[in-house]
Amino acid sequence: MPSLDDVVRQYTELDDPDREWLHKLVAEWQMLADLSFADLVLWVPDREGLGFWACAQMRPTTGPTAHLDDLVGSFVPRGRRQLLDAAFDDGRICREGDPEWRDEVPVRIESIPVRRVDRVLGVITRNTNLLSVRTPSRLELTYLKTATDLAQMISEGGFPLPGDRVDLDSAPRVGDGLVRLDVDGIVTYASPNAQSAYRRLGLTGDLLGCHLGTITSGLLPPSRRPVDEAISVLISGRAPRETEVENNGAVVTMRVIPLVPNSAPVGALVLLRDVTDLRRRERELLTKDATIREIHHRVKNNLQTVAALLRLQARRLGAAGGREALEEAVRRVGTIAIVHETLSTAFEERVDFDEVADRVLAMVAEVSIPETRVVPRRIGSFGLLGAETATPLAMVITEVAQNAVQHGVGRRGGRVEVVAERLRGRLRVVIEDDGRGLPDDFDLDRSGQLGLQIVRTLVESELGGVLSIGARSEGSGTRVVFDLPDDGR
């Protein structure tokens, strides 16, 4: 099914500001569909003037649909739907005509012109399924009256509201709770869900007839009233606002939408939602995340303590071989500590491995021969990796790069490169040096070096990858390749 952008760009003369206005409208119109108990279809004019193209569609969550099929991308020529033509040509809401019958269902159709500044960009057809029509309740009458006001504002270019930026994913919806205010901010209707939300905040009476701003500010705890003393103004209905109030352990988010049909303020629509349980879960997650980061921080500190103890022990050893073995152990512990230090500052159990790799390579460079000082460099990006991959991968890179600096390049200097590449769900890492290369009788399977045994075990067992070691294809030197499953994003 084509998108709004696809239809507008392919079939109309509407420009980018027009298209942006339509996007804002479509982002908001679930509210209009729910208040109207009706399907909405947005039609835009063909560039040749031959008719209209459907570029967006919305079904109500409060009533039965009138359109079983998706209409986006369909075309209606001029003359087939008179209300559609009249709304676009005259720039007025058209409600005349008898219901249409679709699949044995009577459907009432209304056309609402979509205006931006002084131009009509398109038309919204509002299609109401009349099969289950009955005497409307007070709630339904309030919904329909509010929908009428919003429709009038759309036809005048007053909705979406200029400057009203709302996170629509978390914003309250019509069914969450609805309050209708008059021009003075007095509650003329509150839905049962809205009343329940205020009960959780501590209200003992009824909202009807109360000034919503005043009664809301009175429910705030005394310690917060100086901070939130403007809450009465915020939800008075004079300007679009979004706020959150909390009391008695309850949290309610509120969105205020001024209603100004025919350029005359008539009050406001207030949508509200009890988000107490949602905020509680968010706080639990934040606490858990903080605890995990603290654990990583403590593990890093403990590893650094272990490294310091090994370093002290190495200085007391007289045998050069034993001292070198402890120094290698210090570097391995330090590599793991780097991963945990990075995790301690992250907000999830994934790390930017480029940062880890750069720090590991800098640590390897510190032990290179001072006269040559080989600095390994990274090419490409590892991206984000999980902790279960980051730790063994950092160990592997440390071992291979360390071996290249100490035994491959040697005193005459040279280069060591670490190349990271992502290919179709795989992470391929290549470490090359231009040193003296491998011995003629080198055999990975029979090698007794501890470093190579560690690398092979980590790559094949821990990371589930494939390891290969051989000569460079060009010139002297060594090329180490490990191909791993990519758990990054």
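Which residues have the most contacts inside the largest nonpolar core? I would also like to hear about the strands and helices around there.

Analyst: Happy to take you through it. Please keep in mind that this is a predicted model. The protein averages a pLDDT of 83, and 83% of the residues score at least 70.

Let's begin with your question. The largest nonpolar core has 40 residues, and those with the most contacts inside it are Leu22, Met31, Leu35, Leu42, Ile124 and Phe159. Helix H5, residues 138-156, gives the most to this core, with six residues.

Now follow Leu42 into its strand. Leu42 sits on one side of E1 together with Leu40 and Val44, while Asp39, Val41, Trp43 and Pro45 are on the other, and all of these residues are buried. In other words, both faces of E1 are covered, and seven of the seven residues of this strand (residues 39-45) are buried.

What pairs with E1? One partner is strand E6, residues 119-129, which is antiparallel to E1 and linked to it over five bridges. Within that pairing, Val41 has Thr125 of E6 as its bridge partner. Another partner is strand E2, residues 51-58, also antiparallel to E1, with six bridges joining the two. Here Trp43 stands opposite Ala54 of E2, and Leu40 stands opposite Met58 of E2. E1 and E2 form a hairpin with five residues between them, and in the turn Gly49 has a positive phi of about 75°.

Is E2 enclosed or open? Eight of the eight residues of E2 are buried, so this strand is largely enclosed by the rest of the structure. Gly51 has Pro77 of E3 as its bridge partner.

A helix elsewhere is worth a look too. In helix H6, residues 192-201, the buried residues are Ala194, Gln195, Ala197, Tyr198 and Leu201. They cover an arc of only 160° around the axis, which puts them on the same side of H6. Those buried residues pack against strands E7 (178-181), E8 (187-190), E9 (241-247), E10 (250-259) and E11 (267-274), and against helix H7 (212-219). Just after H6, Gly202 takes a positive phi of about 115°.

The buried residues of H11 include Phe353, Asp354, Val356 and Ala357.

One caution before you zoom in elsewhere. Over residues 225-229 pLDDT stays under 50, and the model has four contacts beyond four places in sequence for this stretch. Where pLDDT is low, the predicted coordinates should not be read in detail.

Notes: Residues are numbered from 1 along each chain as its sequence is written. This is a predicted model: local features need pLDDT of at least 70, side-chain atom pairs count only at pLDDT 80 or more; totals for chains, interfaces and linings use all residues. Side-chain values use heavy atoms; hydrogens and water are left out. Buried means under 20% relative accessible area, exposed over 50%, partly exposed in between (1.4 Å probe, protein chains only). Helices (H or I, at least four residues) and strands (E, at least two) are DSSP runs, numbered from the N terminus. Two strands pair if DSSP finds at least two bridges between them. A nonpolar core is a set of buried Ala, Val, Leu, Ile, Met, Phe, Trp, Tyr and Cys residues joined through side-chain atoms within 4.5 Å. pLDDT is the predictor's confidence in each residue, from 0 to 100. Contact means heavy atoms within 4.5 Å. The arc is that of the directions from the helix axis to the C-beta atoms.
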